[in-house]
Amino acid sequence: MIRQGVFDHPVTIGIVAATVAVLLVAAGVIGAMTAMGRGTPELRRELWLRLGSWCLLLPLMMGPVLLGREWVIGAVTLLGLACLREFDRATGLFREPLVAALVVLGIVAVNFAALDHWYGFFVALWPLTVGVICIGTIPRDRPSGYVQRTALGILAYMLFGAGLAHLSFMANDPAYRPVLLMLLTTVALSDVAAFTFGKLIGGPKLLPATSPNKSISGALGALCVTTLLVAGLAWAIFAGTPMAQPHWLLLFGLIVGIGAQAGDLMLSSIKRDIGIKDMGTILPGHGGVLDRFNSLLLVAPAAFHFIRFFVGVAEQQPARLITGG
Amino acid sequence: MDFRLRPARDHGMEAADRLRSLSRERGLGSILLGGAWRRVLRGYLALFHRLRVEGRENLPPPPFVLVANHASHLDALVLSAVLRGEAARRGHALAAGDTFFGSTLSSAFAAYAVNALPVWRKRTRASEIATLRERLVEDGLVYILFPEGTRARDGVMAAFQPGIGALVAGTEVPVVPCFLDGAFAAWPPQARFPKPGRLRLWIGAPLRFADVPAGRAGWEAVAVRCEAAVRALAR
(Lines give C-alpha, C1' and ligand atoms only; values in the text may rest on other atoms or scores of the structure.)
Protein backbone atom coordinates (compact mmCIF):
# COMPACT_ATOMS: atom_id res chain seq x y z
CA MET A 1 0.00 0.00 0.00
CA ILE A 2 1.35 3.41 -0.99
CA ARG A 3 1.81 5.75 1.98
CA GLN A 4 2.73 9.42 1.99
CA GLY A 5 4.77 11.29 4.58
CA VAL A 6 2.91 13.03 7.41
CA PHE A 7 3.63 16.56 6.23
CA ASP A 8 4.03 15.91 2.50
CA HIS A 9 1.07 18.12 1.60
CA PRO A 10 1.23 21.88 2.30
CA VAL A 11 -2.46 21.93 3.32
CA THR A 12 -1.67 19.49 6.14
CA ILE A 13 1.08 21.79 7.39
CA GLY A 14 -1.18 24.84 7.02
CA ILE A 15 -4.13 23.34 8.91
CA VAL A 16 -2.00 22.03 11.78
CA ALA A 17 -0.12 25.34 12.09
CA ALA A 18 -3.35 27.37 11.92
CA THR A 19 -4.97 25.20 14.58
CA VAL A 20 -2.05 25.64 16.98
CA ALA A 21 -2.04 29.39 16.29
CA VAL A 22 -5.80 29.70 16.93
CA LEU A 23 -5.48 27.85 20.24
CA LEU A 24 -2.58 30.10 21.32
CA VAL A 25 -4.47 33.27 20.34
CA ALA A 26 -7.61 32.05 22.14
CA ALA A 27 -5.59 31.29 25.27
CA GLY A 28 -4.02 34.77 25.03
CA VAL A 29 -7.40 36.50 24.67
CA ILE A 30 -9.03 34.59 27.53
CA GLY A 31 -5.89 35.11 29.64
CA ALA A 32 -6.05 38.87 28.97
CA MET A 33 -9.78 38.87 29.86
CA THR A 34 -8.97 37.13 33.12
CA ALA A 35 -6.06 39.48 33.92
CA MET A 36 -8.15 42.58 33.21
CA GLY A 37 -11.30 41.22 34.83
CA ARG A 38 -13.32 41.53 31.61
CA GLY A 39 -16.58 39.55 31.36
CA THR A 40 -18.37 37.76 34.16
CA PRO A 41 -16.52 35.07 36.12
CA GLU A 42 -19.04 32.52 34.78
CA LEU A 43 -18.26 33.52 31.17
CA ARG A 44 -14.50 33.32 31.77
CA ARG A 45 -14.88 29.94 33.44
CA GLU A 46 -16.99 28.72 30.52
CA LEU A 47 -14.41 29.98 28.02
CA TRP A 48 -11.51 28.31 29.88
CA LEU A 49 -13.51 25.07 30.04
CA ARG A 50 -14.23 25.18 26.32
CA LEU A 51 -10.61 25.96 25.50
CA GLY A 52 -9.44 23.15 27.79
CA SER A 53 -11.79 20.73 26.03
CA TRP A 54 -10.51 21.86 22.62
CA CYS A 55 -6.88 21.40 23.78
CA LEU A 56 -7.79 17.82 24.61
CA LEU A 57 -10.05 17.22 21.63
CA LEU A 58 -7.93 18.62 18.81
CA PRO A 59 -4.94 16.33 19.44
CA LEU A 60 -7.39 13.42 19.75
CA MET A 61 -8.97 14.38 16.41
CA MET A 62 -5.87 15.38 14.49
CA GLY A 63 -3.40 12.96 16.10
CA PRO A 64 -4.81 9.79 14.47
CA VAL A 65 -4.97 11.55 11.08
CA LEU A 66 -1.30 12.44 11.32
CA LEU A 67 -0.28 9.02 12.68
CA GLY A 68 -1.68 6.88 9.85
CA ARG A 69 -4.68 5.13 8.32
CA GLU A 70 -4.94 2.36 10.94
CA TRP A 71 -5.06 5.03 13.66
CA VAL A 72 -7.81 6.87 11.79
CA ILE A 73 -9.89 3.71 11.45
CA GLY A 74 -9.36 2.84 15.13
CA ALA A 75 -10.31 6.35 16.22
CA VAL A 76 -13.42 6.43 14.00
CA THR A 77 -14.51 3.04 15.40
CA LEU A 78 -14.15 4.32 18.97
CA LEU A 79 -15.93 7.55 18.04
CA GLY A 80 -18.83 5.59 16.53
CA LEU A 81 -19.10 3.40 19.65
CA ALA A 82 -18.96 6.45 21.95
CA CYS A 83 -21.68 8.17 19.91
CA LEU A 84 -23.81 5.02 20.00
CA ARG A 85 -23.49 4.81 23.78
CA GLU A 86 -24.70 8.37 24.23
CA PHE A 87 -27.48 7.90 21.69
CA ASP A 88 -28.80 4.68 23.18
CA ARG A 89 -28.75 6.05 26.73
CA ALA A 90 -30.58 9.19 25.62
CA THR A 91 -33.25 7.45 23.55
CA GLY A 92 -33.77 4.39 25.75
CA LEU A 93 -32.37 2.02 23.10
CA PHE A 94 -29.97 0.69 25.77
CA ARG A 95 -32.98 -1.07 27.31
CA GLU A 96 -32.89 -3.27 24.19
CA PRO A 97 -29.37 -4.70 24.62
CA LEU A 98 -29.72 -7.12 21.69
CA VAL A 99 -30.40 -4.29 19.23
CA ALA A 100 -27.57 -2.24 20.75
CA ALA A 101 -25.25 -5.25 20.39
CA LEU A 102 -26.19 -5.67 16.70
CA VAL A 103 -25.42 -1.99 16.07
CA VAL A 104 -22.04 -2.44 17.81
CA LEU A 105 -21.30 -5.40 15.54
CA GLY A 106 -22.31 -3.33 12.52
CA ILE A 107 -20.01 -0.46 13.52
CA VAL A 108 -17.08 -2.83 14.04
CA ALA A 109 -17.80 -4.68 10.75
CA VAL A 110 -18.05 -1.57 8.58
CA ASN A 111 -14.80 -0.21 10.00
CA PHE A 112 -13.21 -3.60 9.41
CA ALA A 113 -14.34 -3.36 5.76
CA ALA A 114 -12.56 0.02 5.61
CA LEU A 115 -9.43 -1.45 7.23
CA ASP A 116 -9.52 -4.31 4.73
CA HIS A 117 -10.06 -1.80 1.91
CA TRP A 118 -12.97 -3.88 0.60
CA TYR A 119 -15.41 -1.42 -0.93
CA GLY A 120 -17.94 -4.09 -1.97
CA PHE A 121 -18.33 -5.30 1.63
CA PHE A 122 -18.26 -1.72 2.92
CA VAL A 123 -21.27 -0.82 0.74
CA ALA A 124 -23.04 -4.17 1.25
CA LEU A 125 -22.95 -3.78 5.03
CA TRP A 126 -25.57 -1.01 4.89
CA PRO A 127 -28.49 -3.22 3.77
CA LEU A 128 -27.07 -6.33 5.42
CA THR A 129 -26.83 -4.71 8.86
CA VAL A 130 -30.28 -3.20 8.49
CA GLY A 131 -31.55 -6.69 7.69
CA VAL A 132 -29.81 -8.19 10.73
CA ILE A 133 -31.25 -5.47 12.99
CA CYS A 134 -34.73 -6.09 11.53
CA ILE A 135 -34.48 -9.84 12.09
CA GLY A 136 -32.56 -9.71 15.38
CA THR A 137 -35.37 -9.43 17.92
CA ILE A 138 -38.06 -11.39 16.04
CA PRO A 139 -37.14 -14.77 17.64
CA ARG A 140 -37.89 -13.26 21.05
CA ASP A 141 -41.56 -13.21 20.07
CA ARG A 142 -42.10 -9.76 21.58
CA PRO A 143 -43.67 -7.62 18.85
CA SER A 144 -44.51 -4.85 21.30
CA GLY A 145 -42.12 -1.93 20.63
CA TYR A 146 -40.65 -3.63 17.54
CA VAL A 147 -40.99 -0.61 15.24
CA GLN A 148 -39.35 1.76 17.72
CA ARG A 149 -36.39 -0.40 18.70
CA THR A 150 -35.71 -1.46 15.10
CA ALA A 151 -35.99 2.09 13.75
CA LEU A 152 -33.69 3.47 16.44
CA GLY A 153 -31.18 0.70 15.81
CA ILE A 154 -31.15 1.39 12.06
CA LEU A 155 -30.81 5.15 12.62
CA ALA A 156 -27.93 4.56 15.03
CA TYR A 157 -26.14 2.27 12.58
CA MET A 158 -26.67 4.69 9.70
CA LEU A 159 -25.23 7.63 11.62
CA PHE A 160 -22.45 6.10 13.75
CA GLY A 161 -21.57 3.07 11.64
CA ALA A 162 -22.22 3.44 7.91
CA GLY A 163 -22.01 7.25 7.97
CA LEU A 164 -18.93 7.87 10.10
CA ALA A 165 -17.04 4.92 8.59
CA HIS A 166 -16.72 6.91 5.35
CA LEU A 167 -13.97 8.79 7.19
CA SER A 168 -12.29 5.44 7.82
CA PHE A 169 -12.54 4.41 4.19
CA MET A 170 -11.12 7.75 3.04
CA ALA A 171 -7.97 6.97 5.04
CA ASN A 172 -7.09 4.29 2.46
CA ASP A 173 -6.20 7.03 0.00
CA PRO A 174 -2.47 7.92 0.19
CA ALA A 175 -3.40 11.63 0.20
CA TYR A 176 -6.10 11.35 2.90
CA ARG A 177 -4.50 13.63 5.49
CA PRO A 178 -5.32 17.07 4.07
CA VAL A 179 -8.86 15.93 3.14
CA LEU A 180 -9.70 14.59 6.60
CA LEU A 181 -8.06 17.52 8.37
CA MET A 182 -10.04 19.89 6.16
CA LEU A 183 -13.34 18.17 7.01
CA LEU A 184 -12.61 17.94 10.74
CA THR A 185 -11.53 21.56 11.13
CA THR A 186 -14.04 23.25 8.80
CA VAL A 187 -16.94 21.39 10.37
CA ALA A 188 -15.78 22.47 13.83
CA LEU A 189 -15.28 26.00 12.54
CA SER A 190 -18.83 26.01 11.16
CA ASP A 191 -20.15 25.74 14.75
CA VAL A 192 -17.89 28.54 15.96
CA ALA A 193 -18.82 30.75 12.97
CA ALA A 194 -22.55 30.22 13.52
CA PHE A 195 -22.15 31.19 17.20
CA THR A 196 -20.03 34.25 16.35
CA PHE A 197 -22.21 35.59 13.52
CA GLY A 198 -25.32 34.96 15.59
CA LYS A 199 -23.90 37.02 18.49
CA LEU A 200 -22.54 39.81 16.25
CA ILE A 201 -25.54 40.26 13.94
CA GLY A 202 -28.45 38.69 15.85
CA GLY A 203 -31.87 38.91 14.22
CA PRO A 204 -34.64 36.35 13.76
CA LYS A 205 -34.28 32.81 15.02
CA LEU A 206 -33.65 30.01 12.55
CA LEU A 207 -35.83 27.22 14.00
CA PRO A 208 -36.83 28.38 17.49
CA ALA A 209 -38.68 25.22 18.48
CA THR A 210 -35.76 23.03 17.45
CA SER A 211 -32.80 25.12 18.61
CA PRO A 212 -33.73 28.42 20.32
CA ASN A 213 -30.17 29.81 20.27
CA LYS A 214 -29.58 29.61 16.51
CA SER A 215 -30.30 32.64 14.33
CA ILE A 216 -30.70 32.97 10.56
CA SER A 217 -27.73 35.37 10.46
CA GLY A 218 -25.57 32.81 12.28
CA ALA A 219 -26.61 30.03 9.91
CA LEU A 220 -25.99 32.09 6.76
CA GLY A 221 -22.70 33.50 8.09
CA ALA A 222 -21.46 30.02 8.95
CA LEU A 223 -22.58 28.69 5.58
CA CYS A 224 -20.65 31.44 3.72
CA VAL A 225 -17.47 30.98 5.80
CA THR A 226 -17.54 27.18 5.57
CA THR A 227 -18.37 27.11 1.86
CA LEU A 228 -15.55 29.52 0.96
CA LEU A 229 -13.02 27.93 3.29
CA VAL A 230 -13.76 24.40 2.08
CA ALA A 231 -13.74 25.55 -1.57
CA GLY A 232 -10.38 27.27 -1.04
CA LEU A 233 -8.77 24.32 0.73
CA ALA A 234 -10.25 21.86 -1.78
CA TRP A 235 -8.79 23.95 -4.60
CA ALA A 236 -5.33 23.43 -3.07
CA ILE A 237 -5.95 19.74 -2.34
CA PHE A 238 -7.61 18.69 -5.62
CA ALA A 239 -5.61 20.90 -8.03
CA GLY A 240 -5.27 19.24 -11.43
CA THR A 241 -8.31 16.96 -10.99
CA PRO A 242 -11.78 17.28 -12.62
CA MET A 243 -13.06 18.60 -9.29
CA ALA A 244 -10.80 21.70 -9.38
CA GLN A 245 -13.33 23.92 -11.10
CA PRO A 246 -14.87 26.87 -9.27
CA HIS A 247 -18.50 25.69 -9.50
CA TRP A 248 -17.70 22.17 -8.29
CA LEU A 249 -15.50 23.48 -5.49
CA LEU A 250 -18.22 25.88 -4.34
CA LEU A 251 -20.81 23.10 -4.52
CA PHE A 252 -18.50 20.89 -2.43
CA GLY A 253 -18.14 23.71 0.11
CA LEU A 254 -21.90 24.17 0.15
CA ILE A 255 -22.47 20.46 0.76
CA VAL A 256 -20.04 20.46 3.69
CA GLY A 257 -21.55 23.69 5.08
CA ILE A 258 -25.16 22.49 4.82
CA GLY A 259 -24.26 19.00 6.05
CA ALA A 260 -22.53 20.41 9.13
CA GLN A 261 -25.50 22.55 10.12
CA ALA A 262 -28.02 19.86 9.24
CA GLY A 263 -26.18 17.41 11.51
CA ASP A 264 -26.33 19.95 14.32
CA LEU A 265 -30.06 20.57 13.81
CA MET A 266 -30.71 16.84 13.53
CA LEU A 267 -29.22 16.27 16.98
CA SER A 268 -31.13 19.28 18.33
CA SER A 269 -34.36 17.70 17.04
CA ILE A 270 -33.51 14.43 18.76
CA LYS A 271 -32.70 16.21 22.04
CA ARG A 272 -35.86 18.35 21.93
CA ASP A 273 -37.99 15.31 21.20
CA ILE A 274 -36.55 13.48 24.21
CA GLY A 275 -36.48 16.58 26.39
CA ILE A 276 -32.78 16.74 27.27
CA LYS A 277 -30.22 19.53 26.93
CA ASP A 278 -27.00 17.60 26.31
CA MET A 279 -26.28 14.05 25.19
CA GLY A 280 -23.62 13.53 27.86
CA THR A 281 -21.21 15.13 30.29
CA ILE A 282 -17.83 13.84 29.13
CA LEU A 283 -16.61 17.11 27.53
CA PRO A 284 -16.80 20.09 29.92
CA GLY A 285 -18.25 23.11 28.13
CA HIS A 286 -19.53 21.01 25.22
CA GLY A 287 -21.65 18.24 26.74
CA GLY A 288 -21.27 14.81 25.24
CA VAL A 289 -19.23 13.40 22.36
CA LEU A 290 -22.29 13.64 20.09
CA ASP A 291 -22.81 17.30 21.01
CA ARG A 292 -19.33 17.95 19.63
CA PHE A 293 -19.29 15.65 16.59
CA ASN A 294 -22.91 15.97 15.39
CA SER A 295 -21.84 18.18 12.47
CA LEU A 296 -19.60 15.44 11.12
CA LEU A 297 -22.28 12.75 10.92
CA LEU A 298 -23.89 13.83 7.66
CA VAL A 299 -20.80 15.47 6.17
CA ALA A 300 -18.70 12.28 6.15
CA PRO A 301 -20.75 10.26 3.59
CA ALA A 302 -21.69 13.32 1.50
CA ALA A 303 -18.08 14.52 1.15
CA PHE A 304 -16.83 10.98 0.48
CA HIS A 305 -19.20 10.33 -2.42
CA PHE A 306 -18.62 13.79 -3.91
CA ILE A 307 -14.86 13.24 -3.92
CA ARG A 308 -15.26 9.67 -5.14
CA PHE A 309 -17.42 10.81 -8.06
CA PHE A 310 -14.87 13.34 -9.34
CA VAL A 311 -11.50 12.09 -8.16
CA GLY A 312 -11.94 8.60 -6.75
CA VAL A 313 -10.88 7.37 -3.31
CA ALA A 314 -7.87 5.05 -3.04
CA GLU A 315 -8.56 3.71 -6.56
CA GLN A 316 -4.94 2.70 -7.14
CA GLN A 317 -4.44 1.07 -3.74
CA PRO A 318 -4.50 -2.74 -3.32
CA ALA A 319 -7.87 -4.04 -2.08
CA ARG A 320 -8.86 -6.71 0.47
CA LEU A 321 -5.64 -6.41 2.42
CA ILE A 322 -6.77 -8.77 5.19
CA THR A 323 -9.31 -11.09 3.56
CA GLY A 324 -7.39 -11.45 0.30
CA GLY A 325 -9.11 -12.35 -2.92
CA MET B 1 -46.00 -0.28 21.94
CA ASP B 2 -44.04 -0.76 25.18
CA PHE B 3 -40.96 1.09 23.97
CA ARG B 4 -40.65 4.42 25.71
CA LEU B 5 -38.48 7.14 24.20
CA ARG B 6 -37.03 8.01 27.61
CA PRO B 7 -33.43 8.69 28.58
CA ALA B 8 -31.66 6.62 31.21
CA ARG B 9 -32.62 7.61 34.74
CA ASP B 10 -28.97 8.47 35.36
CA HIS B 11 -28.65 10.62 32.22
CA GLY B 12 -26.54 13.73 32.74
CA MET B 13 -24.72 12.43 35.83
CA GLU B 14 -20.94 12.57 36.13
CA ALA B 15 -19.34 9.10 35.83
CA ALA B 16 -18.32 8.86 39.51
CA ASP B 17 -21.76 9.98 40.76
CA ARG B 18 -23.44 7.54 38.41
CA LEU B 19 -21.59 4.58 39.95
CA ARG B 20 -23.05 5.39 43.37
CA SER B 21 -26.49 6.39 42.14
CA LEU B 22 -29.66 4.42 42.89
CA SER B 23 -30.87 5.60 39.48
CA ARG B 24 -28.06 3.80 37.63
CA GLU B 25 -29.44 1.82 34.70
CA ARG B 26 -27.20 -0.76 33.10
CA GLY B 27 -26.30 -0.78 29.43
CA LEU B 28 -24.75 -3.34 27.10
CA GLY B 29 -21.24 -3.09 28.61
CA SER B 30 -22.46 -3.65 32.14
CA ILE B 31 -24.65 -6.57 31.04
CA LEU B 32 -21.72 -8.27 29.27
CA LEU B 33 -19.36 -7.67 32.19
CA GLY B 34 -21.97 -8.83 34.68
CA GLY B 35 -22.63 -11.96 32.62
CA ALA B 36 -18.92 -12.80 32.50
CA TRP B 37 -18.62 -12.18 36.24
CA ARG B 38 -21.57 -14.51 36.99
CA ARG B 39 -20.01 -17.29 34.91
CA VAL B 40 -16.74 -16.98 36.82
CA LEU B 41 -18.71 -16.91 40.06
CA ARG B 42 -20.72 -20.04 39.20
CA GLY B 43 -17.50 -21.87 38.35
CA TYR B 44 -15.91 -20.81 41.63
CA LEU B 45 -19.00 -21.74 43.71
CA ALA B 46 -19.27 -25.14 42.01
CA LEU B 47 -15.57 -25.90 42.33
CA PHE B 48 -14.70 -24.59 45.76
CA HIS B 49 -18.07 -24.73 47.54
CA ARG B 50 -20.00 -27.46 45.72
CA LEU B 51 -23.06 -25.23 45.83
CA ARG B 52 -26.39 -27.06 45.80
CA VAL B 53 -29.62 -25.19 45.16
CA GLU B 54 -33.10 -26.42 46.04
CA GLY B 55 -36.37 -24.72 45.06
CA ARG B 56 -35.14 -22.91 41.98
CA GLU B 57 -38.64 -23.40 40.51
CA ASN B 58 -39.96 -20.96 43.15
CA LEU B 59 -38.29 -18.02 41.41
CA PRO B 60 -41.01 -15.96 39.68
CA PRO B 61 -40.43 -13.74 36.62
CA PRO B 62 -39.16 -10.22 37.50
CA PRO B 63 -39.84 -8.11 39.44
CA PHE B 64 -39.22 -9.78 42.81
CA VAL B 65 -37.07 -9.42 45.91
CA LEU B 66 -34.79 -12.16 47.23
CA VAL B 67 -34.30 -12.05 51.00
CA ALA B 68 -31.98 -14.28 52.96
CA ASN B 69 -30.00 -14.72 56.16
CA HIS B 70 -26.70 -12.83 56.14
CA ALA B 71 -23.49 -14.08 57.72
CA SER B 72 -20.90 -13.73 54.96
CA HIS B 73 -19.90 -11.86 51.79
CA LEU B 74 -20.60 -15.15 50.01
CA ASP B 75 -24.35 -14.65 50.53
CA ALA B 76 -24.81 -11.95 47.89
CA LEU B 77 -22.47 -13.77 45.51
CA VAL B 78 -24.47 -17.01 45.79
CA LEU B 79 -27.86 -15.32 45.36
CA SER B 80 -26.72 -13.33 42.31
CA ALA B 81 -25.14 -16.47 40.79
CA VAL B 82 -28.37 -18.52 40.97
CA LEU B 83 -30.36 -15.98 38.96
CA ARG B 84 -30.76 -16.76 35.27
CA GLY B 85 -31.74 -14.90 32.08
CA GLU B 86 -33.79 -11.73 32.43
CA ALA B 87 -33.82 -12.00 36.24
CA ALA B 88 -30.01 -12.08 36.27
CA ARG B 89 -29.73 -9.06 33.96
CA ARG B 90 -32.18 -7.11 36.11
CA GLY B 91 -30.71 -8.28 39.43
CA HIS B 92 -29.29 -5.71 41.83
CA ALA B 93 -27.70 -6.61 45.17
CA LEU B 94 -28.46 -3.89 47.71
CA ALA B 95 -25.00 -3.55 49.22
CA ALA B 96 -23.59 -1.56 52.13
CA GLY B 97 -22.40 1.74 50.67
CA ASP B 98 -19.61 2.19 53.24
CA THR B 99 -18.16 -1.27 52.43
CA PHE B 100 -18.56 -1.51 48.64
CA PHE B 101 -18.81 2.08 47.40
CA GLY B 102 -16.00 3.73 49.40
CA SER B 103 -13.58 4.35 46.51
CA THR B 104 -14.15 4.88 42.79
CA LEU B 105 -12.39 1.58 42.01
CA SER B 106 -14.50 -0.48 44.41
CA SER B 107 -17.62 1.39 43.23
CA ALA B 108 -16.79 0.53 39.60
CA PHE B 109 -16.40 -3.16 40.49
CA ALA B 110 -19.57 -3.19 42.59
CA ALA B 111 -21.52 -1.35 39.90
CA TYR B 112 -20.29 -3.04 36.72
CA ALA B 113 -19.57 -6.61 37.81
CA VAL B 114 -21.91 -7.21 40.75
CA ASN B 115 -24.49 -4.62 39.62
CA ALA B 116 -24.91 -3.56 43.25
CA LEU B 117 -26.84 -0.51 44.41
CA PRO B 118 -25.56 1.26 47.53
CA VAL B 119 -27.57 1.41 50.75
CA TRP B 120 -26.13 3.77 53.35
CA ARG B 121 -26.74 2.12 56.71
CA LYS B 122 -28.39 4.22 59.43
CA ARG B 123 -28.67 7.23 57.12
CA THR B 124 -30.94 5.96 54.35
CA ARG B 125 -33.31 8.76 53.36
CA ALA B 126 -37.01 8.27 52.65
CA SER B 127 -36.44 9.53 49.09
CA GLU B 128 -33.89 6.74 48.50
CA ILE B 129 -36.36 4.09 49.65
CA ALA B 130 -38.97 5.71 47.38
CA THR B 131 -36.56 5.54 44.41
CA LEU B 132 -35.79 1.87 45.07
CA ARG B 133 -39.51 1.06 45.38
CA GLU B 134 -40.39 2.98 42.22
CA ARG B 135 -37.66 1.30 40.20
CA LEU B 136 -38.57 -2.15 41.53
CA VAL B 137 -42.10 -1.78 40.18
CA GLU B 138 -41.60 0.39 37.07
CA ASP B 139 -38.34 -1.11 35.78
CA GLY B 140 -39.23 -4.66 36.80
CA LEU B 141 -36.02 -5.20 38.77
CA VAL B 142 -34.82 -7.97 41.05
CA TYR B 143 -33.33 -6.96 44.40
CA ILE B 144 -31.13 -9.13 46.57
CA LEU B 145 -31.61 -7.91 50.11
CA PHE B 146 -30.45 -8.98 53.55
CA PRO B 147 -32.99 -7.53 55.96
CA GLU B 148 -30.83 -8.21 59.06
CA GLY B 149 -28.91 -5.09 57.95
CA THR B 150 -25.43 -6.53 58.50
CA ARG B 151 -23.57 -9.82 58.58
CA ALA B 152 -24.22 -11.81 61.76
CA ARG B 153 -20.88 -11.78 63.58
CA ASP B 154 -21.66 -15.09 65.35
CA GLY B 155 -23.43 -16.72 62.40
CA VAL B 156 -26.81 -16.66 64.21
CA MET B 157 -29.60 -15.04 62.23
CA ALA B 158 -30.85 -11.76 63.75
CA ALA B 159 -34.27 -10.09 63.52
CA PHE B 160 -35.26 -8.56 60.15
CA GLN B 161 -35.42 -4.76 59.84
CA PRO B 162 -38.63 -3.22 58.45
CA GLY B 163 -36.87 -1.79 55.35
CA ILE B 164 -38.03 -4.77 53.23
CA GLY B 165 -41.60 -3.77 54.06
CA ALA B 166 -41.04 -0.22 52.84
CA LEU B 167 -40.02 -1.65 49.45
CA VAL B 168 -42.88 -4.08 48.85
CA ALA B 169 -45.86 -3.34 51.13
CA GLY B 170 -48.92 -2.53 49.03
CA THR B 171 -47.34 -3.72 45.77
CA GLU B 172 -47.74 -6.86 43.68
CA VAL B 173 -44.00 -7.54 43.86
CA PRO B 174 -43.34 -10.95 45.44
CA VAL B 175 -40.65 -11.59 48.05
CA VAL B 176 -38.78 -14.88 47.74
CA PRO B 177 -37.32 -16.17 51.02
CA CYS B 178 -33.98 -18.00 50.86
CA PHE B 179 -31.79 -19.70 53.41
CA LEU B 180 -28.09 -20.23 52.79
CA ASP B 181 -26.18 -22.73 54.88
CA GLY B 182 -22.40 -23.02 55.10
CA ALA B 183 -21.44 -19.44 54.20
CA PHE B 184 -20.48 -18.49 57.75
CA ALA B 185 -18.15 -21.47 58.03
CA ALA B 186 -16.56 -20.76 54.63
CA TRP B 187 -16.12 -17.00 54.98
CA PRO B 188 -17.09 -15.53 58.35
CA PRO B 189 -17.02 -11.74 58.86
CA GLN B 190 -13.75 -12.05 60.80
CA ALA B 191 -11.85 -13.71 57.91
CA ARG B 192 -10.19 -11.79 55.11
CA PHE B 193 -10.57 -14.47 52.46
CA PRO B 194 -12.94 -17.43 51.93
CA LYS B 195 -11.92 -21.04 52.34
CA PRO B 196 -13.45 -24.03 50.53
CA GLY B 197 -16.58 -25.43 52.15
CA ARG B 198 -19.99 -26.78 51.16
CA LEU B 199 -22.82 -24.33 50.50
CA ARG B 200 -26.50 -25.18 50.30
CA LEU B 201 -29.27 -22.79 49.31
CA TRP B 202 -32.99 -23.32 49.83
CA ILE B 203 -35.37 -21.11 47.87
CA GLY B 204 -38.89 -20.90 49.33
CA ALA B 205 -42.30 -20.08 47.85
CA PRO B 206 -42.88 -16.39 47.07
CA LEU B 207 -44.72 -14.20 49.60
CA ARG B 208 -47.03 -11.38 48.50
CA PHE B 209 -47.89 -8.22 50.36
CA ALA B 210 -50.32 -6.39 48.06
CA ASP B 211 -52.88 -6.07 50.87
CA VAL B 212 -50.44 -4.86 53.51
CA PRO B 213 -50.73 -1.09 54.16
CA ALA B 214 -47.64 0.99 53.36
CA GLY B 215 -46.87 2.35 56.84
CA ARG B 216 -44.70 1.53 59.83
CA ALA B 217 -47.01 -1.21 61.14
CA GLY B 218 -47.32 -2.76 57.67
CA TRP B 219 -43.57 -2.65 57.08
CA GLU B 220 -42.90 -4.41 60.38
CA ALA B 221 -45.54 -7.03 59.60
CA VAL B 222 -43.80 -7.72 56.26
CA ALA B 223 -40.42 -8.06 58.00
CA VAL B 224 -41.88 -10.50 60.55
CA ARG B 225 -43.45 -12.68 57.83
CA CYS B 226 -40.27 -12.68 55.74
CA GLU B 227 -38.13 -13.57 58.74
CA ALA B 228 -40.47 -16.42 59.67
CA ALA B 229 -40.37 -17.74 56.09
CA VAL B 230 -36.56 -17.71 56.02
CA ARG B 231 -36.36 -19.40 59.43
CA ALA B 232 -38.80 -22.05 58.21
CA LEU B 233 -36.38 -22.93 55.40
CA ALA B 234 -33.53 -23.46 57.88
CA ARG B 235 -33.32 -27.09 58.75
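Three bridges join strand S3 (residues 91-96) of chain B to S5(B), and the two strands run parallel. The model is predicted, and local features need pLDDT of at least 70, side-chain atom pairs count only at pLDDT 80 or more, while totals for chains, interfaces and linings use all residues. Residues are numbered from 1 along each chain as its sequence is written, and chains are lettered from A and ligands numbered from 1 in the order in which they are written.

Within S5(B), B:Ile144 is the bridge partner of B:Ala93. Strand S2 (residues 64-68) of chain B is also joined to S5(B), by four bridges and in parallel; here B:Val67 has B:Leu145 as its bridge partner. Strand S5 (residues 142-145) of chain B is covered on both faces, with B:Val142 and B:Ile144 buried on one side and B:Tyr143 and B:Leu145 buried on the other. A residue is buried if 20 or more other C-beta atoms lie within 10 Å of its own, exposed if 12 or fewer, and partly exposed in between, the C-beta atoms being placed from the backbone.

For residues 64-183 of chain B, an unreviewed UniProt entry gives the annotation "domain: Phospholipid/glycerol acyltransferase"; UniProt positions are given in the numbering used here, feature names are shortened, and annotations may be inferred rather than shown by experiment. This span is 41% helix and 21% strand, and its end C-alpha atoms are 23 Å apart.

Leaving aside neighbours within four places in sequence, B:Ala221 is in contact with B:Gly165 and B:Val212, a contact being two residues whose C-beta atoms, placed from the backbone, lie within 7 Å.

The contact between the chains takes 19 residues from chain A and 14 residues from chain B. On the side of chain A that touches chain B, the elements giving two or more residues are helix H3 (69-91), helix H4 (97-116) and helix H6 (146-163) of chain A. H3(A) supplies the largest share, five residues. This side of chain A divides into eight nonpolar, six polar and five charged residues, where Ala, Val, Leu, Ile, Met, Phe, Trp, Tyr, Cys and Pro count as nonpolar, Asp, Glu, Lys and Arg as charged, and the others, Gly among them, as polar.

H3(A) is mostly covered, with 17 of its 23 residues buried. Just after H3(A), A:Gly92 takes a positive phi of about 95°. The unreviewed UniProt entry places the feature "transmembrane region" at several spans of chain A, including residues 71-87 and 218-241. Residues 71-87 of chain A are 100% helix and 0% strand, with end C-alpha atoms 24 Å apart.

Methods:
Two strands pair if DSSP finds at least two bridges between them.
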